[in-house]
Every structure is written in C-alpha cells, then in structure tokens.
Amino acid sequence: ADGTIKLGLVAPMSGPNARYGAFSMHGAELAVKDINDAGGVNGMKIELLNADSQGTPVEGVSAARRLIDQDGVDFIIGDVSSSVTLAIQPVAEDAEVLLLNAASSNPKITYQAGVGGFKWTYRNYPTDENRALIVAKYAAEQRGFTKFAVLSVDSDYGRSAIAFTKKYLPDFKGEILSEDYYKEGEVDFRSVLAKIRDNGAQAIIMYGLADTTPIVARQMVELGIAGKVTLIGNGEFNTEKTIKSAPSALEGAVEAAAWLPQFDSPESKAFVEKFTATYNEAPNNHAYVHWDTVNLLAAAIKQAGSADKVKVRDALSKIKYKSPVGEVTFDDHNQARLPMILLQIENGKPSIKGAYTADIQYPAN
Amino acid sequence: MLSTIVEQTVNGIVTGSVYAIVAVGMTMIFGVLRAINFAHGEYYMLGTFGAWFAIDYLGLSYEASIVVGVLATIVVAYVVGQLVMRRMVGAPAESGVLTTLGIALILQNTIILVFGGGYKFFAGGYIEPVSILGFSLAQQRILILVVCLLVFIGLELMVSYTRLGMAMRAVSQNVECCGVVGIDVPQVVLRTFMLGAGLAALSGVLTAPVNVSVYGGMGELITFKTLPIIIMGGLGNVRGTFVAAMILGVAESLVATYVGLQFRDTVGFATLILMLMWRPHGLFSTQARF
Amino acid sequence: MAGNSNLSIRDLRAGYGNLDILNGVELDVPAGQFVALMGPNGAGKSTLLKTLYGMTTIKQGNIDWRGKNIAGSKSRAILGEGISFVPQGRCNFPVMTVDENLQMAAYTLRDARVKADRDYVYDLFPILKTRRATLAGNMSGGEQQLLEVAMAVLQRPKVLLVDEPSVGLSPAAIGIVFDELLRLHADGMTILLVEQNTKKAMEVAERAVILRLGKVIWDGLPKDITHDELGELFLTGKMRGETEAVH
Amino acid sequence: MSLTETAQQVRRRDLRIPLAAVLIVVALAAPFIGSRYITHSLIIALIFMLPAHGLNLLVGYTGLLSLAQAAFFGIGAYTAGLLAVAYGTPFYVNLIAAGAVSGALALPLGIPALRLRSTSFVMCTLGFVIIGQAIAKNWISLTRGDMGLSGIPKPYFELGPLSFTVSGTTNFYYLALIIGILATFAVWAIVRSPAGRNMVAIRENETLAESLGVPTWHYKLIVFMISAVFAGIGGCLYAYYLTVVSPLTFQMYYSTTMLIIVLGGGAGMISGTVFGSLLFVGLTEALRITPELRMIAYGFSLLVLVFWFKNGFAPLINRFWNAIGGAK
Amino acid sequence: MTAHLPLLEIKNLSKSYGAVKAVNDVSIHIDRGEIAGLIGPNGSGKSTFFDCSTGLAKPDAGTVVLDGQDITGWSLNRIAREGRMLRSFQKTVTFKSLDVEENLVIAGQMFTFPSIASTFGLGKMSRQRIEGLRERARELIKMAGLWDVRHQPAGNLSGGQQKLIQFASMLMPEPKLILLDEPMAGINPKIIERVVDTILYANKSLGVSLLVIEHNIDVVTSICRRVIVLDQGAKLVEGLPGDIIQDQRVREAYLGG
Ligand SMILES: Nc1ncnc2c1ncn2[C@@H]1O[C@H](COP(=O)(O)OP(=O)(O)OP(=O)(O)O)[C@@H](O)[C@H]1O
Ligand SMILES: Nc1ncnc2c1ncn2[C@@H]1O[C@H](COP(=O)(O)OP(=O)(O)OP(=O)(O)O)[C@@H](O)[C@H]1O
Ligand SMILES: [Mg+2]
Ligand SMILES: [Mg+2]
C-alpha cells in the first residue's frame, strides 16, 4: 500500500533468548515511533512488523518467509543470532528483499555479502576484528599488560573475537595463559577465576554477555582478585548496572564498544533519555543498534527519494550516514565502517579514550 | 596444587548444594508422578522473580523477599497442581513430558510478557566475602550450604517417618494400591508438588544474590542441570540426590579448573553416562524383581 | 429380607468406560454373612468387587450399605465406611519393606491398637515376620499374597471384599488363610470371597453366589449344589435337567 | 493397537481411495495453491517428519522414549553440510552418507544407552544432544566450531552425464515430498512386518517378549539405528534447506519438537506422525499472529492435547478413515 | 545317541539374595517325554529356580545342561529360541494392549522365522508364515475358551483369562521343554480340566516335556510321573506323586495338618 513502508523485525522474542530480543524490539519500536511522529519518511509512515525467531535458524527462516510472502515487507532487520542471520541471507537474496543486520557478529555474514555474493545483505554492526585489535593494542601499549587469560562467551561472538585477538597479540608481545569459554546462562566462575588468580594473568580478555559481566565481577571480588586483574574486551563493562554490581572489580576495565549510553553526543543522550522514559530501563547496546539501524534505513529511503527496494539498496551502498557516534559508510562487502569507541572505567565512570575506524581485511576467496 | 584441589572441592560442594535443593524437589515430584518435570527450573525462576519484585517494587529487605519469592511460587504451584498435575496421576510418561514442557513454556513466557524479556539485576543478599579455611567465599554461599544441610536433614526425616513422607513413597510405587489402603493420591501429589516447587524457589532466591542477573529464560538451564542429578541419585531417592548433586558439583568444578569451562555443562551428562555404565539403575536405586 | 440386610445391591450395571460388564446384579448380604462368589473366568466377579469398592464406572443401580447409597463414592470414602478390599493380582508397595507395607495398610487408622494388630499378624503368618525387612516386591508370589491378606486384616473392616486369596498359596498356607477368614467371620465380619478354588470356598462359606456374564445365576446354600452341578453352571449357565437358571 | 485394528477391518464400499487420491493431488498441487510461505511451511513439516518417523518407531512402537533425535539430526546435517561444502559431492550421495553416518554412530551410542531402562535411558539420550553440541563447538578443525557451516549449495544431482540442480522453494518442496513419501512407506513396511510386531511386544512387556524368544536387545539396537538413519536424512534436508549448520542444530528444542510431533499426532501410528508434523508446523505458524502470546498459547495447546486428546489425533483420523471405509 | 541322557540336567544350582539362600545346591533332571512336578511351601525357591534355569536371573553356582548342551549363562531369549525351552511366569503377564490373537502370534514368531533379518520381510513367505501362526493361535484360543474375547486387548481380560493366554502362548511354538509356574492359579475348575487335557495332549502327541510348579495338589498327582519337593531352597525329596503326598516331611512343610 502506498503511504506506508513495511519493515520486518526478526528477533528472539520468546524463550531464553528473549533477553536479547526484548531490547532489540524496543529500540526499533522507539525509532519507528519517532520517525512517524515526525511525519514519516518522505511522507510515508513506517509500519513495524515483529516476527519471533526464538534464536533458532528454522524459526528465523519461517519468520522471514512470513514477513516476505505474507506481509509483503521489502525491508527486514534481523537477527541477533548469527546462525539465524546466515540462514535468512539466502531467503532475502532469493526474494530480493533488503536484509539489514544490526547485531550479529559472525564475520562470514559480510564475507559472503556484497562482492562476496549476497547483494541484499547489509550489516550495520562492527566486526570483531577491529574491536579485538584496538583492545589488544590499548591493553599492551597503554596499560603494559603482557599476560592474559581468556574468559569469553562460548558463541561465534566470543570465539571469533578471541581468534582475532590471537592474531594480533603476538604483535604486542602478549601471551595467553589460560583459555575458557562459558555457556550462555553460566553462573559459576569461581573455578576459572581461581585458576586465573593462580596463573598470574594481568588481565582477563572477555568478550561476553552483558548479563554475565556482573556475575563475573562479583565473583572476582569474592576471590580477592578485584583490582588486581583487569577486565578487557567487551561485555557492557561500562553500564551503570554493571559497575554498581562490583565497583572494585570493574575499576580500570577496558572496553571497546560501538556505542555506550554515556557517549557524549546530543542524539545519543536524547535516545537514552527517551528510551529510559518509555521503557523504564536504560537502553543497552542491542537497543541502540536496532534504533540506529531503523534510522539508517530511513536515511537511505530519504536519500533514494523513494521506498523502492532497489533504489534504497543503491542509496545504502553510497550513503554517508551521520550516526550519533560518527559517520557510517558501507564497504564493497556491504559491511558498515563504524567508529569503535575505546573506554576505560575510572572512578566508577566510563571515560572515553578515543574512537577508531578501520577497514576490514577480507580473506581472499 | 593440593590447595587448589581442596579449594575447588569446596567450590564444588557449594555449587552442589544449590543443585541439591532444586533437584530434591524434582526427584520427589518424579517419585509421585513418574514424570520428569521439565518445568522444574521455572519454579526456580519464579522464586527469583518473586524476590526481585519484592525488593525492587515493594522495597522489602532480602530476608522478606525470600519469604515472598517462595510463597508466591507455592501459590503458583498450587494452581498448576490443582489444574494440571493432579490429573497426571497414572498417566504415561510421554504425556508427562508434553504437559510439563507446556507448563514451562507458559510460565516462562508469561513472566517475559509481564516483566519484559530483558535481564534484571538482583540487589539483595550477603555478598561480602569472608575467609574460611584460607579460601574466600561470599557469606551467601555459606548460607546456602547451611540451608541445604537443614533441608536435607528435614526431608530425610520427613520421608522416613511422617505420614506424608510414607504416603509419597507409596504413591510412587503403586497408585491402585493407595486407593486400597486409603491414601488420597491427588492430595499427596499436590502437596509434594508444592513442596518441590517451593524448594526450587528457595534455591533460586538463595542463589540470586550471587548469580545477580534475573531473566525469564533462566529456568531452562537449571532444569537441565538437575536432570542428570536425579537420575544419578536414583529417582525419588532423597539421600541419593544429595550425594549425586555433590558429585556433580565437584566434578564440574574440577573440570572447569583443569579442562576448561566450556566443557562444564557436558560434565553432568558425561558423568551420568559413565556412572550408568557401571550401575544402570543409578547410585542408590532399589528395585524389585520381575 | 431387605430390611435387615446390611449390604444390598440393586440392579447394578457397571463396567469399564463404555463397556458394561455387570448387567443388573441383585444381591443382598446380611450383616455378618460369609458369602462365596464364584463363576467362570471373565464372569465379572472381580468387576463386582471393584464396583463395590468404587473402582469402576457405574451406569445404573444402587449399592446400599447401612442405609446409605455408596454407589459412585470414591474408594477412600468407602474404606471410611468400613469396607476393605483385597484385589486380584499384586497389590502391595513393592519397594517398601514388609513392615512398612503393614504400616501403610493401617494408614487411615491412628490408634494404639495398630501396633498390637501388627504383632498379631506376624504371629499368624510367621513367614512374614522372618521377612519383615525384605522388600515386598522381592518376596515370592505366595508370600506377597499372604502379605496382602494381612494388610486387609489390619484395616479392621466391617465388610471384607477379598478376591482370590488362595492364588499362589501352598495348601498349608491356604489352610491358615481360610482359618483366619473364619475367625474374622466368627467375630462378626461380613465377608465377600471370590474364589476359583471352589472346593475350599464351599467348605468355609455360608452361602454361595454364582455369577455368569455379569449376572447372578444361582444363589443358595453350598450344600444344595454338587461339584458337578457347579461345573455345569460355569460352562453352560444351566443345571442338568433345568431349562432356566434359578434367580 | 494399530495392528489389531486393521486385522478387524472388513473392506466394503471404500471412500478411502478417492479421498487418498484427493490428498495426493492436494499434496502435489500445494505450491500452486498456497503462497511460497505455505510451501515453505510444508517443507519444514516434511523435514521434521523424517526424524519424527524414526522417533515414532522408537517411542510409539518399541516403547523407548528418546530425546537423542536432535543429536542424530545434527550429525546428519553436519555430514551432509561438510560433504557439500568441502567436497561438493552430489545431493543423493550426501543424503545417503548423512543417513549412514547417523545410523552408524547410533550403534556405539545405543549399546550403552539401551542397557538402561525408562527414565535413565531418556536422560542418557538427552546427554547425547548436549555432548553433541559440545563436540560441534569444540572440534573446530572438523566442524568449524561456532562459525558453523554456511553457504551450503542447492541440492545438486549428477547421474552419469545428467546433472541438475534443485533450486527454488517449489522444487525443494517436491524433493522433500518425494523423500517424505519414501520414508513414510519405509516405516509402514517396517511396522507391518513381523519385526514390527516384535517391537510392539517389547513396548508392551520386554521381559515377556524375551521369554518368548524375542532377542529384544538386538531389536532395540536395530530400531535405534533405524531411527537415527531417519533423523540423519532429515538433518541432511535441513542443512540443504537452511544452508546453515551450526552447533545450535544439536538443540533440545528440536528433540522436544520431534517428540511433540509424534505424541501430539499419536504415538504408534504412522498417520499420527504425518499429521503431527503438519499440526505442529501449522500451529506454531498460525500463532505468529500474536508474537507476544505465541509461546504461551503454544504451551496451552500442549496441555489441551494431553488432556483432551489423550492419544493424540491419530485415533480420530483412524476412526474417520475407517468410517469412510464403508460399514463393517 | 543322546537318547539315554536326560533332556534337562541341572546340577548344584544355588542362588542367594543377601542372607536368604533362595536356592541352595539343587540338582534335578527331566527326562525326555516326562511331566515332572515341582512343589514346595511359599518362598521355598521354586520360582527362583526357574529364573536361574532359564536365564532370567544369574545363578551363583551350578550348571544347566539342555539336551547335552551347556546353556548356563545364556540369555532368556536365547534359551527360548535356540534351546527351545520355554517358561511361563507366576505373575500374570501379557502384552496388554494387543489382542489375544496377536499375543499368541508373537509367541510363535521367533520360532517360525529363521533370523532377525527375515522378520523385517513383508513378502509372500513372510505372510504365509504369519497366516500359519494365526491358524494355530485360533485353535489354542478355542481350547482355552477365549474365542469370544479373542479380539479384546489382553489387558482388558480378567485375571484368569490372562493366565490362560500365558499358557496358550507356551504351546504356540513346538518346544522341547516347558517350565510352567502355577498355570492353574485362578483358573476355574472346568477350564482346569481342559488345561490338563491340553498338557497331556502336548506331552503325548507333540512329545513336549514339562516341569510344572503347581499348588493344586490334585492336578500335580494326576499329571506328574515324578514330583520334586523344595523346602527352604533345598531339595527335600523326590519321588512318585503317591509317595510324596504320604511323606511325613512333605506333609509338615507343605500340605499342612
Ligand atoms: N480393565 C478392563 N477394561 C475392559 N474390560 C475389562 C477390564 N477388566 C475386565 N474386563 C472384562 O470384564 C469381564 C469380567 O472381568 P472380571 O475381571 O470381573 O472377571 P472375573 O469374574 O473376576 O474372572 P477371573 O475369575 O478370571 O478373575 C471380562 O470379560 C473382561 O474382559
Ligand atoms: N530379588 C530378591 N531379593 C531378595 N529376596 C528374594 C529375591 N528373589 C527371591 N527372594 C526370596 O527368595 C525366596 C524364594 O522365592 P521364590 O519366589 O523362588 O519362592 P517360590 O517357591 O516360588 O514361592 P511361591 O510358591 O510363593 O511362589 C523367597 O523367600 C524370596 O523372599
Ligand atoms: Mg477376577
Ligand atoms: Mg513362585
């Protein structure tokens, strides 16, 4: 129908993974509401359609199929889980529907997009390679760490971030003394932390889940290593909630994030305020990236001057989008070049140490 | 080296205590219904949510939140028990699987619907570390250990000597014969169910301070942790459950230390499978001839 | 007759689900009588006892017990009214010890006599005493049968419904069980005994009732029917030289 | 149960053949009747029907409640995925390999597991899924760990000089339909054979069957392997259809889904499993109209199923089927 | 050649459960074509003796030789299938949700099909074999007086009827030896006569040997050529039925009074 732009959102909304989907949904909803309240895009309102993926590929594909065939959407944002995104990619390609990913970190998603193959997949989310590099570099050069222990989530995100870390660590003469991965939902880290206490690591490289960081931090306090071993990596070390859980453990923590609530830009501040007012809780990273991706899409539609999916796609490839954290452009693999913010917790508050953008080195096929 | 092993064993025992309290409720429910309760972890989750709600919304103290969490769960268990579990007496194992999976979905997703899918932060409890035996532990963990011992002593006495305890065992063995001796089977089932769910909730509330994050889907993992324990302990066996939970806790702890945390969840089932090779009916099961 | 009768069954139709097994059973049992219920396999004897004990679906009819219709009541309520039941086949708690089984038998009773009764039962069946710590399910078939009879005795019922207590028992043990039934009867207990051991049943019972295809086809004194006539009734439902069965 | 019912049937004035013909026509024409979304849903139903058929042989016929199906499903998916991605072997080779590898691995897993009875067996089989996932995550040199396998090509056949590729949803549907029909027929043949009767005997009373000379151990092992073959084949189709295989394939959710299909449709009846897979997919897809309440409603449906349709839907279907088969 | 050997020879069989010596050093033999009785008080170890001889339980000591072959330690199904020695259970057990006819067909299957693989066949051969079994099943159903309920699920039958299915199952194949554990318990007197006739028929015409545990002493004396008496796990006496019932020890331990 003319007058509305149908936008599908595939995200886990039920089951254990709902804790990721909930924020994504709210972020996207807020952006859609703001855009519509402001009169829409080129005079057209956006209609957001939710579809539950439960975090499994089968359900994700069904969700996408339904959005495409039943609801007739031309644009899909999704999913949080990489394996779901990978499974939706060919579906979107087949149906020639624009798939904008906002939160999956598997590098393959864009290895196989753009010149890599899938023309309809775009990713507005940083790759872990850039992130791993700047964290390792900062930890070695600014903090002088050489002995590291790995404690990351056992998922493509945690595993690939560590794989990239290992690629760069030798450049900084760093070594890894122990390597552990935790399952989602894990609550007992005492054994691993005791091991780390005993093996003399200076920092724990952690690419993990936001809700697990407080547990680890508290157990660091319990084992007496808070303040002695530093957390580095990514896992919402900087949110108020996390810091409050164990201030002594998080003091000095180093994190590379695509965004953080404290980021000092008016748009970002406004978003945090509005989100908190609407949903009674502070937004997290997932909320932000979904909010931002809806805005990015709106910007592309505006630039294309029409909601025609081919035109929007072409606009996206050439876009210079001003996000709250800086300018976003897409490379020939449809991967966003995003600034990555590096911060350190000082006196219980995140303090920004710089923003970095880097190009991805794609493996030769 | 040796001190690490001792420390990890102590860690394992503390973890085991948490498992033990949840698992014993599950094993008792299995006893009377002959059904694996796939929704058991959801009562753990409900207890935690109840306590979180009491602290965050009602502004109650942690101690009061324990009571709120456990009571709220028992009320839910009463409703579920009246409407569903009572009718499962004598039903085949398969329908038990479907029913409890259904209940798990309902409870979990209702909580997500009401409180949102995101994770919450649990603020109460005694998280200050203390040092005993040269190791440092959160006070809360000592509390868990003590409560676990009390719960088991109480249950052991109850199962062996009280009328409800005897009736629970009777129901688990021969439902038809219960009618003959005058045991009110649905009522025994209901009470056992409420007791089991209450224990799961208690475990949830006690661990919440150290586990910090609270979310709707947290029960599922607990259910899967509990399953190998109740089998190892010999289904329906209170004492066996205690020992099995400790074995699993310590094994997990040692594996996490010496092999890698990523293999931790596998330990339960690997231990279970190895043990079943050696004793096909669990560590402590008793069973009658054909 | 109906006035002083204690247990009176009127036009009883009952069975399993939609399937009717009893097709209008009529029976009056005066207080204190010892009745033997007999009939071919599948006649509905066990179904009748189960129906009296509230374990089947009743379609129609009354079961009056002390002036109250108990048809449709729950087993537990019927037990509360003083009626006990020993079902056919195994009915004990297999992974409880003999002693615990006997405790369970007296589940609804909470008085001092329970303990004394248990000692009495142990004296009656010494084999149970030697096995008191054995799991019931591990005992031999006959030992379990004795245990089940013992459990019913412990409930001190006013009416005892007992389904084939002699199955699996040695001749010596059968003697003990029937003597005990006679003693209970002498103490005033009403007994409904289902038996295939017709010889023995006719010796002890005061009255014989024969069931066939869910109906009472013969009702009288044991001395009024010979063994061969009984066999004939079982097989054909008729006595030699008769055209219609007695009601 | 099913065995005895058919023995009783007397056939006369049969409306079943015309109805069956109509059903076949509908199945064949489905992609042209409904949208691509419907076709997609039918493909998902067919994919899950395969492991469910295997599970039905185990649960419904042999009385072994197993949660291992997702493990064999995963093994099949990985086998097919790895072969397709790394060696580019044709579809039918990978299909056979997926079934064969799953079936072969069921032997060493089944030998210890089948020594266990009832609930212990259930837990042991659940352990296979959890351990399978750990292996898929950590044996990175083989499985590529959490990165998973992606970009699995479209099913491609090569028969002598001929070669062709199955592309598009409609064509994939026909591929799945053919495999589904063959699998259903295979299950039918197994349960109608004397071995099927022995399986039911094991379900009813294992010791009694044993005493009558039935080598229950061998049968249980064989059925466990057959069920794994079905799961493996299903896993292969899954890999090809979704083009992605990740450690998430070893997921309890899949095992319970398969169980729900079998039990909801009616255990111990082939029509039950066929209907169950349609029912399951139909239900979960229909509930998408309300994303927030979807899983709650699904949970309630399971309760309704257990309490109102004690033996699943198959008995109803059977009654209907017999009713239109003319008076007895 | 082996004709002079007994069909079944059990030597020094023992089995204990904790302190209870359920079977204590019992040796017996069954001759070809013989019907022997095994009696004894409750708990004297008769059923346990069966369990240990047929592979359901593992004996602590002793050997079982069937037809010249040592079958000690064989599994229950192998003894049935290869040894052609069948047993019934004291507890009433049937395939509850299958009808009477199917119950009997199952009992015959493994003796009609040569291998496990062949049972997966659906061919003509397979169908013929099953048809043969069905016919035999119908004959036995008539014999047991179960004709009217032959299409009922076995679990819905009365206790006695189920016991009869168990007995009929034993006759589905043509075994060498049948061990019956209280086949007459709960059977009405008229049918007992028929069961007795059937046992005698199987013995005479089909050449089946039997060992029967039975508490119905009339039946034991009328069909058995030889009676073995167990008491407290050990063999008390063995002899002709007439002598046995006169034996003072047997009267005390078993018959009572
Ligand atoms: N659970 C059941 N469901 C359906 N029918 C049943 C059930 N139990 C028994 N029947 C049927 O009811 C009839 C009577 O059974 P019942 O057990 O009352 O017989 P009975 O007289 O006690 O025989 P027996 O002497 O063999 O124990 C039988 O024909 C049997 O088929
Ligand atoms: N698994 C077991 N555990 C403990 N004791 C057992 C076990 N099996 C059998 N017994 C004991 O062994 C003894 C012999 O039992 P068995 O069943 O062989 O007796 P039986 O001669 O068949 O008696 P009945 O005539 O009563 O059937 C019994 O006293 C029983 O308690
Ligand atoms: Mg009966
Ligand atoms: Mg015996």
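**The magnesium site in chain C**

In this predicted model, the magnesium ion (ligand 3) is coordinated by two residues of chain C: C:Ser46 through its OG atom and C:Gln88 through its OE1 atom, at 1.8 to 2.2 Å. C:Ser46 belongs to helix α1 (residues 45–52) of chain C, whereas C:Gln88 sits in the loop between β6 (83–86) and α3 (98–105) of chain C, so the pair ties together parts that lie 42 residues apart in sequence. The two residues also have their own accessibility values. C:Ser46 has a relative accessible area of 15%, which is under 20%, and therefore counts as buried. C:Gln88, with a relative accessible area of 27%, is partly exposed.

**Accessibility of selected residues**

| Residue | Relative accessible area | Class |
|---|---|---|
| C:Ser46 | 15% | buried |
| C:Gln88 | 27% | partly exposed |
| A:Lys166 | 39% | partly exposed |
| B:Val75 | 52% | exposed |

**A lysine in chain A**

A:Lys166 is found in helix α6 (residues 156–168) of chain A. Leaving aside residues up to four places away in sequence, A:Lys166 touches A:Ile176 and A:Glu179. With A:Glu179 there is also a polar contact, in which the two side chains are joined at 2.9 Å. A:Gly227 is 61 residues from A:Lys166 along the chain, and the C-alpha atoms of these two residues are separated by 25 Å.

**A nonpolar patch on chain B**

Which residues of chain B form a nonpolar patch on the surface? They are B:Val75, B:Tyr78, B:Val79 and B:Leu83, which together have about 380 Å² of accessible area. One of them, B:Val75, lies in helix α3 (residues 62–83) of chain B. The relative accessible area of B:Val75 is 52%, which is over 50%, so this residue counts as exposed.

**A covered helix in chain E**

Is helix α1 (residues 46–54) of chain E mostly covered or mostly exposed? The helix is mostly covered, since 9 of its 9 residues are buried. Among these buried residues of α1(E) are E:Lys46, E:Asp51, E:Phe49 and E:Phe50. After α1(E) comes E:Gly55, which has a positive phi near 90°.

**Chains without contact**

Two pairs of chains remain to be described. Chain C and chain D do not touch, and their nearest C-alpha atoms are 14 Å apart. Chain A and chain E are likewise joined by no contact, with their closest C-alpha atoms 35 Å apart.

Note on methods
Residues are numbered from 1 along each chain as its sequence is written. Chains are lettered from A and ligands numbered from 1 in the order in which they are written. This is a predicted model: local features need pLDDT of at least 70, side-chain atom pairs count only at pLDDT 80 or more; totals for chains, interfaces and linings use all residues. Side-chain values use heavy atoms; hydrogens and water are left out. Donors are N, O and S atoms within 2.8 Å of the metal (3.2 Å for Na, K and Ca); water is not among the atoms, so sites may look incomplete. Helices (H or I, at least four residues) and strands (E, at least two) are DSSP runs, numbered from the N terminus. Buried means under 20% relative accessible area, exposed over 50%, partly exposed in between (1.4 Å probe, protein chains only). Contact means heavy atoms within 4.5 Å. Patches are made of residues with over 30% relative accessible area and no salt bridge: like charges are joined within 9 Å, nonpolar side chains (Val, Leu, Ile, Met, Phe, Trp, Tyr) within 5 Å. Accessible areas come from the Shrake-Rupley method with a 1.4 Å probe; for residues, only the protein chains shown count as cover. A salt bridge is a side-chain nitrogen of Lys or Arg within 4 Å of a carboxyl oxygen of Asp or Glu. A polar contact is a pair of N or O atoms within 3.5 Å; within protein, one must be able to donate a hydrogen and the other to accept it, and residues adjacent in sequence count only if both atoms are side-chain atoms.
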